[in-house]
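Please have the fold open beside you as you read.

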Amino acid sequence: MKQEISAAFPYESKFINVRGSKIHYIEEGSGDPIVFLHGNPTSNYLWRNVIPHLSKQGRCIAPDLIGMGKSDKPDLDYGFHDTYHYVEGFMEEMGLKNITLDLAWAFIMPIFIATISRPLLL
C-alpha cells in the first residue's frame with residue numbers, strides 16, 4: 001500500500017516564552033510527551049507526516065529550534081550549547097516529564113542532550 005507524502009501543515013501554531021525568546025511549536029495527541037527535534041537548519045515542518053502516525057501513542061510536540069522556523073532569532077552563536085540551553089528551557093517551561101525524544105540531528109546532539117538532561121528524561 002503506497003502512502004503519499006503531503007506538503008500540508010494542518011497544525012495550529014503555538015508559542016511559549018523560553019529564556020526571553022518565543023519558541024514556536026505544534027502539538028497533537030495526549031498522554032506522555034513524544035518530543036520531535038528537527039535537524040539544522042530545518043523546522044518542525046519536517047515532522048508533518050510523522051506526527052499523525054504517533055499522535056494516538058502520546059502527546060506529540062515538535063518545537064522549532066531557536067533561530068529556525070517560526071521561533072525567534074536572537075543574537076546567538078547557535079552552537080550545541082545554545083541549542084541545548086533553549087531545548088532544556090522549552091522542556092522545563094512546558095512542564096514535560098517522562099519524555100520520549102525523536103531526533104533528526106546527527107549523533108552528537110542526541111548524546112549531548114541525553115547526557116546533560118538525564119534528570120529531565122526520567
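Predicted model: local features only at pLDDT ≥ 70, side-chain atom pairs only at ≥ 80, totals over all residues.

1. Strand β4 is mostly covered, with four of its five residues buried. On one side, β4 pairs with β2 in the antiparallel sense over four bridges; within this pairing, Glu28 has Cys60 of β4 as its bridge partner. β4 also pairs with β3, here in the parallel sense and over three bridges.

2. β1 and β2 (residues 21-28) run antiparallel and are joined by five bridges. Lys14 has Tyr25 of β2 as its bridge partner. Lys14 will come up again among the charged residues below.

3. The nonpolar packing comes next. The largest nonpolar core has 17 residues, and those with the most contacts inside it are Ile16, Ile23, Phe90, Met94 and Leu96. β1, β2, β3 and α2 each supply at least two residues of this core, and α2 gives the most, with five residues. A second, separate core of eight residues includes Ile26, Phe36, Trp47 and Ala62.

4. Is His24 buried or exposed? This residue of strand β2 has a relative accessibility of 1%, and because the cut-off for buried is under 20%, His24 counts as buried. The side chain of His24 makes a polar contact of 2.7 Å with that of Asp64. Beyond four places in sequence, the residues touched by His24 are Ser13, Lys14, Phe15, Asn44, Ala62, Pro63, Asp64, Lys70 and Ser71.

5. Asp64 turns up again in the surroundings of Ser43. Ser43 lies in the loop between β3 and α1 (51-54). Leaving aside neighbours within four places in sequence, Ser43 is in contact with His38, Asp64 and Gly69. Ser43 and Ala62 are 19 residues apart in sequence, with their C-alpha atoms 8.8 Å apart in space.

6. Now for the charged pairs: how many salt bridges are there? The count comes to four. Arg19 takes part in a salt bridge with Glu88 (3.3 Å, N to O), linking the loop between β1 and β2 to helix α2 across 69 residues. Arg19 is partly exposed, with a relative accessible area of 36%. The side chain of Arg19 also meets that of Glu92 in a salt bridge (3.9 Å, N to O). Since Arg19 lies in the loop between β1 and β2 and Glu92 in helix α2, this pair ties together parts that are 73 residues apart in sequence. Glu92, at 44% relative accessibility, counts as partly exposed.

7. Finally, a charged group on the sheet itself. The side chains of Glu27 and Arg59 form a salt bridge at 2.7 Å, N to O. Glu27 is in strand β2 and Arg59 in strand β4, so the pair links parts of the chain that are 32 residues apart. Arg59 is partly exposed, its relative accessible area being 23%. Salt bridges with shared partners join Lys14, Glu27 and Arg59 into one network.

Definitions and conventions: Residues numbered from 1 in each chain as written. Heavy atoms only, no water. Pairing = 2+ DSSP bridges. Buried < 20%, exposed > 50% of the residue type's maximum accessible area, 1.4 Å probe, protein only. Polar contact = N/O pair within 3.5 Å; in protein donor to acceptor, adjacent residues only side chain to side chain. Contact = heavy atoms within 4.5 Å. Core = buried A, V, L, I, M, F, W, Y, C linked by side-chain atoms within 4.5 Å.
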